[in-house]
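Hi everyone, thanks for coming. I'd like to walk you through one protein model today, so please have the picture up while I talk.

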Amino acid sequence: MPFARLATATTPTCHLGLGLAAVGRPGYINLGRDRDLGEDRSVEAMRERTHDLLDAAYAQGVRYFDVARSYGRSEEFLAAWLAARPDADDVVVGSKWGYTYTAGWSAEAERHEVKDHGLATYERQRAETDALLGDRLDLYQIHSLTPDSPALTDKELHAKLAEAAERGLTVGFSTSGPAQADTIRAALAVTVDDKPLFRTVQSTYNVLETSAGPALAEAHDAGLTVIVKEGMANGRLAEPHAPDVLKGVAEETTQGCDAVALAAVLRQPWAGVVLSGAATVTQLGSNLHATVVDLDDDQLTRIGTLAEDPRAYWERRGRLPWH
């Protein structure tokens, strides 16, 4: 398992990863992104920003980097950084297939991505990913499974994924939507030749959306590495948008709201890697302070009151504008 490499890392930040969803394309739904990125969203500017983030993350002990076919040029940007950094041979690289980027490098596109979990899409996108990342790819995930996804029942697809696993690629899946727990449990039941197919799960979990927690604990107990995405709730848990309860706890800890929010996730015993989705080096540095935040029982109880109904959470997320 590639994630076993993280167990040998000596820095406390090795279980924080960097996701490139916010910097691999000019448009995304994170709050405050218009301020973070400024007006220059050219390919060159975004490539430089991505490489600066990767440099800073690696220097501070981050060893997992997460991209996807639908994150614009994120695979391309990461591949170029890896080629320029042969010393970074201890990182774990994960990508995802199942969404096609359709925005044409425009933040104002009517449609930014198209979902298709069919075998033909897997084979096309696997070839595209392989052309960029080659043998640096450790983990390939089905992007945003939901309970109705055909990828949960497509035996031909399962066989192809199992073949990739036999050749050394770790196969995983990510989830989204209010029924994440149902999706996780359904995916845990998928087998090929009586062997579990999936070895990792990446789900949305944060102090506002905790509904996947019990299922993620089950996945961890079943031997899967759990990766947590959207720990900042697409910016809703960062200043100035953070709820007053989180701001109060952050003031008590003398850390930022972002560090406190991510620290609450890191405390979950099943959390293997928690992703930062930082768009600036300053944000990244603040996120990484999560490893030094020590929350007491009273603070955790107060933070626990922030959890929302998952349907309400995902409805609000669906209304976030692309910046």
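Helices (H or I, at least four residues) and strands (E, at least two) are DSSP runs, numbered from the N terminus. And buried means under 20% relative accessible area, with exposed over 50% and partly exposed in between, using a 1.4 Å probe and protein chains only.

A note on where this comes from: the model is predicted, with local features needing pLDDT of at least 70 and side-chain atom pairs counting only at pLDDT 80 or more, while totals for chains, interfaces and linings use all residues. Residues are numbered from 1 along each chain as its sequence is written, and side-chain values use heavy atoms, with hydrogens and water left out.

Now the overall picture. The protein has 13 helices and 12 strands. Its C-alpha atoms fill a box of roughly 55 × 45 × 40 Å along the principal axes. A compact globule of 323 residues would have a radius of gyration near 20 Å, and the 18 Å of this protein agrees with that; the radius is taken over C-alpha atoms, and the globule rule is 2.2 Å times the number of residues to the power 0.38. Buried residues make up 55% of the 323. If you take contacts between residues at least 6 apart in sequence, 79% of them join residues at least 24 apart.

Let's go inside. A nonpolar core here is a set of buried Ala, Val, Leu, Ile, Met, Phe, Trp, Tyr and Cys residues joined through side-chain atoms within 4.5 Å. Which residues touch the most other members of the largest core? Out of its 90 residues, they are Leu18, Phe65, Leu78, Phe173 and Phe198. Helix H10 gives the most to this core, with eight residues. Apart from that core lies another, of eight residues, including Leu6, Val92, Leu139 and Leu275.

If you click on Phe173, you'll find contacts with Ile142, Leu145, Phe198 and Leu224, among others, once neighbours within four places in sequence are set aside.

Helix H10 deserves a stop of its own. Spanning residues 257-266, H10 is mostly covered, and nine of its 10 residues are buried. Cys257, Asp258 and Leu262 are among them. What do these buried residues pack against? Their partners are strand S11, helix H9, strand S12 (273-276), helix H11 (281-288) and helix H12 (297-304).

That brings us to the loop between strand S11 (225-229) and helix H9 (244-253), where Pro240 is found. The peptide bond from Glu239 to Pro240 is cis, with omega near 0°. Glu230 lies in this loop too, and its phi is near 55°, a positive value in a residue other than glycine. Glu230 is buried, at 15% relative accessible area. Ala233, also in the loop between S11 and H9, has a positive phi as well, near 50°. How accessible is Ala233? Its relative accessible area is 1%, so it is buried.

With 9% relative accessibility, Ser144 counts as buried. Not counting residues up to four places away in sequence, Ser144 touches Tyr99, Lys115, His117, Ser174, Thr175 and Ser176.

That's my tour, and I'm happy to take questions.

Key:
Contact means heavy atoms within 4.5 Å.
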